[in-house]
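Hello,

Here is the structure I said I would pass on.

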Amino acid sequence: MIPLMFVLFIVFLFASVPIFASISAAVAIVFAVFHAGTPMPAMLAQAVVTSMDSFALMAIPFFMLVGSLMQRTGIAGRLVDVAKMITSDKPGGLGMTAVVASVFFAAISGSGPATAAAIGAIMVPAMTPQGYPKDYSAALVGASSTFGPVLPPSIPMIMYGVTVGVSITALFTAGFLPGFMMAAALVTANYVISKKRGYKGEVITYTRKERLLILRNALWAMLMPIVVLGGIYTGVFTPTESAVIGVVYSIVVGRFAYRTLNWKMFKESLIEAAITSATIMILFGGAITFGRLLAIAQIPQAISAGLLSISESPLVILLLVNLVVLFIGMFLDTISCIIILAPILAPLMESLGFSPVFFGAIMVINLCMGMITPPVAANLFVVMRISKSTFEGVLKEAWPFMLVLFSLLIVFIIFPQIILFLPQLFGLIR
């Protein structure tokens with residue numbers, strides 16, 4: 001039963017069937033062959049509906065809508081103006097602007113591909129006329145989008161928290177230090193490369209009046225992460241409620257403060273968020289059934305026993321698990337991997353003494369690396385299309401950034417306190 005399900009799943013993937021449809025079709029065929037006339041299909045179908053009926057999952061469509069509204073109303077552009085003002089007079093200044101702008105955007109949208117698309121559409125055309133090769137510009141923006149799902153709010157962390165049953169607030173807090181360390185590492189790498197190659201870009205001297213004007217124009221945009229995240233950590237509202245607050249804030253700012261939001265933009269944002277969220281929810285439902293069948297066949301126990309037979313060292317097993325997650329993340333998207341792998345691997349890691357919050361953060365960081373790692377490298381493909389570059393050219397420029405980020409991942413694995421420090425400081429975990 002289980003081998004047939006995996007074979008069908010892989011066949012559907014290679015046939016270019018969308019992932020959510022591949023999982024659902026594989027499960028449906030297995031049901032039809034092995035469980036026809038039994039109550040199991042009805043029981044599992046009920047479990048799927050119950051698992052999707054989650055208050056926490058409601059945050060996903062709202063955060064998707066926030067990201068879409070930010071891009072269409074020019075909020076993202078104003079954040080880029082602030083980042084440019086901060087970094088323009090330094091070697092590789094526009095490259096630093098791309099990284100800093102990605103931090104601003106990620107702190108609101110929670111999505112890697114959305115960050116790559118929004119910041120890439122603004123920064124790549126701006127960097128090319130200033131002497132940055134388009135391949136380099138695309139590679140830097142693609143690498144910068146990796147910490148979108150690491151910094152809170154994070155859609156993958158919401159999915160992990162719902163799937164495994166972990167505090168989403170604790171996961172959000174765990175992503176702060178790693179996310180900013182990743183950003184700082186990319187800023188440093190860009191500075192070194194730009195100084196070596198002579199990428200100076202456009203050095204702009206801002207007067208005090210111009211700086212104040214830029215800050216004033218971007219004030220409402222910069223206040224958004226303070227409102228959205230501040231409400232979560234002060235206990236005023238939950239992560240799901242914060243997503244709704246973010247939508248309302250985006251509408252009010254876009255319509256009344258910046259006067260850029262119209263009905264057409266709003267309708268397009270609603271449609272985009274609805275389609276993306278529906279795909280995720282269908283995927284979640286299919287993957288839950290997929291996972292239940294694996295649990296019935298005791299596959300998680302078999303995987304745990306196999307890993308434990310290789311080594312008794314928790315650190316070695318953690319490294320092996322990360323290699324497995326990275327390999328699968330090179331082919332599947334982040335959400336799919338979390339839904340499929342987290343119920344299997346999280347209990348194993350917890351049995352070895354690792355906090356589920358720590359493993360959740362490590363898993364999300366690892367899978368974000370997969371989004372810039374061939375053969376799929378979804379984020380690189382997004383910026384490749386924006387820059388009209390070749391994949392080979394972008395990949396050639398991306399490898400130094402990939403090396404820096406992978407080195408940081410190893411540091412996080414060896415020193416878990418980097419991830420756990422803030423959640424423990426705020427009393428979210430023991």
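**Helix 12 and what follows**

At A218, helix 12 (residues 208-233) bends by about 55°. Keep in mind that this is a predicted model. Just after the helix comes G235, which has a positive phi of about 80°.

**S389**

Next, look at the loop between helix 19 (378-387) and helix 20 (391-414), where S389 lies. Is S389 buried or exposed? Its relative accessible area is 12%, and buried means under 20%, so S389 counts as buried. Which side chain does the side chain of S389 make a polar contact with? The partner is the side chain of D135, at 3.1 Å. Setting aside neighbours within four places in sequence, the residues in contact with S389 are K134, D135, M384 and V394.

Finally, find L177, F421, L425, F426 and L428, which make a nonpolar surface patch of about 470 Å². One of these, L428, is in the segment after helix 21 (417-425). L428 has a relative accessibility of 32%, so it counts as partly exposed. For comparison, exposed would need over 50%.

That is what I have for now.

Regards

Key. Residues numbered from 1 in each chain as written. Predicted model: local features only at pLDDT ≥ 70, side-chain atom pairs only at ≥ 80, totals over all residues. Heavy atoms only, no water. Patch = residues over 30% accessible without salt bridge, like charges linked within 9 Å, V, L, I, M, F, W, Y side chains within 5 Å. Areas by Shrake-Rupley, 256 points an atom, 1.4 Å probe, with all protein chains shown as cover. Salt bridge = Lys/Arg side-chain N within 4 Å of Asp/Glu carboxyl O. Helix = DSSP H or I, 4+ residues; strand = E, 2+ residues; numbered from the N terminus. Buried < 20%, exposed > 50% of the residue type's maximum accessible area, 1.4 Å probe, protein only. Polar contact = N/O pair within 3.5 Å; in protein donor to acceptor, adjacent residues only side chain to side chain. Contact = heavy atoms within 4.5 Å. Bend = angle between axes of the 7 residues up to and from the residue.
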